[in-house]
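Subject: Structure for your files

Hello,

Here is the structure we discussed, with the sequence alongside. Notes on what was found in it follow below.

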Amino acid sequence: EDLKSFIEETESLRSAGKPLAKNTRSSYFNKIRSVIKKATNRGLIRPIVLDEVPSIAAEEVLREYLTKEEFSKLIRTNCEDERLKAASIFSGLTGVRYVDIQNLTWGEVQKRDDIGYSMVFRQEKTDGTEFLPIVDMAFNLLGDRKADNELVFEGLRYHHTRSVTFKKWLS
């Protein structure tokens, strides 16, 4: 219960003075519960009655998206950072999370005779391996192929999505 209270009272590192988002609190608490259960099952710690402490409820999140017209307009709009634009458009065309595009290597991009271009990559969020066919338009955003261990979008960082350049491009 103390741990749950601690998580509920912890401030966000991104927004000083504001609490962690409700779904973040829920996720953190559930991960900790899972670790405690596994440690108990393995005999590493003495049993704790976790079921007496209710989980932190997650809330439904409204997922926003671009319409086809908005996405087409974004493709036609100039951006000062072409790498950022290419990665963002690639994300929109494939549905792949930004962090997975940031970590994408050339070895994960393949061409097969039967289906064309595809990606085989490990998703950071789920740690699961994904196979994803990609359309030619998305492939063409990748640029010239390099060594298998090199990043496709070298130098791309998550903070770029919060930059003035990104916001200016989107407006």
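**What was found**

Setting aside neighbours within four places in sequence, Leu142 is in contact (heavy atoms within 4.5 Å) with Phe90, Trp106, Val109, Val152 and Phe153.

This is a predicted model, in which local features need pLDDT of at least 70 and side-chain atom pairs count only at pLDDT 80 or more, while totals for chains, interfaces and linings use all residues. Residues are numbered from 1 along each chain as its sequence is written, and side-chain values use heavy atoms, leaving out hydrogens and water.

The largest nonpolar core has 26 residues, and Phe90, Leu142 and Phe153 touch the most other members. Such a core is a set of buried Ala, Val, Leu, Ile, Met, Phe, Trp, Tyr and Cys residues joined through side-chain atoms within 4.5 Å. Buried means under 20% relative accessible area, exposed over 50%, and partly exposed in between (1.4 Å probe, protein chains only). Among the elements giving two or more residues to this core are helix H3 (68-76), helix H4 (82-94), strand S2 (116-122), helix H6 (136-140) and helix H7 (164-170). H4 supplies the largest share, five residues. Helices (H or I, at least four residues) and strands (E, at least two) are DSSP runs numbered from the N terminus.

Three aromatic pairs turn up in a search of the whole structure. Rings of Phe, Tyr and Trp (its six-membered ring) pair if their centres lie within 6.5 Å; planes under 30 degrees apart count as stacked, over 60 as edge-to-face and the rest as tilted. Tyr117 and Phe139 are stacked, because their ring centres are 3.5 Å apart and their planes are at 10°. This pair links distant parts of the chain, with Tyr117 in strand S2 and Phe139 in helix H6, 22 residues apart. Both residues are buried.

The pair of Phe166 and Trp169 is tilted, at 5.9 Å centre to centre and 55° between the planes. These two residues are three apart in helix H7, so about one helical turn separates them. Phe166 is buried at 14% relative accessible area, and Trp169 is buried at 3%.

Ile48 is in the loop between helix H2 (22-41) and H3, and is partly exposed with a relative accessible area of 47%. Lys125 lies in the loop between S2 and strand S3 (129-133), and is exposed at 63%. From Lys125 to Leu44 the separation is 81 residues in sequence and 27 Å in space, C-alpha to C-alpha.

Regards
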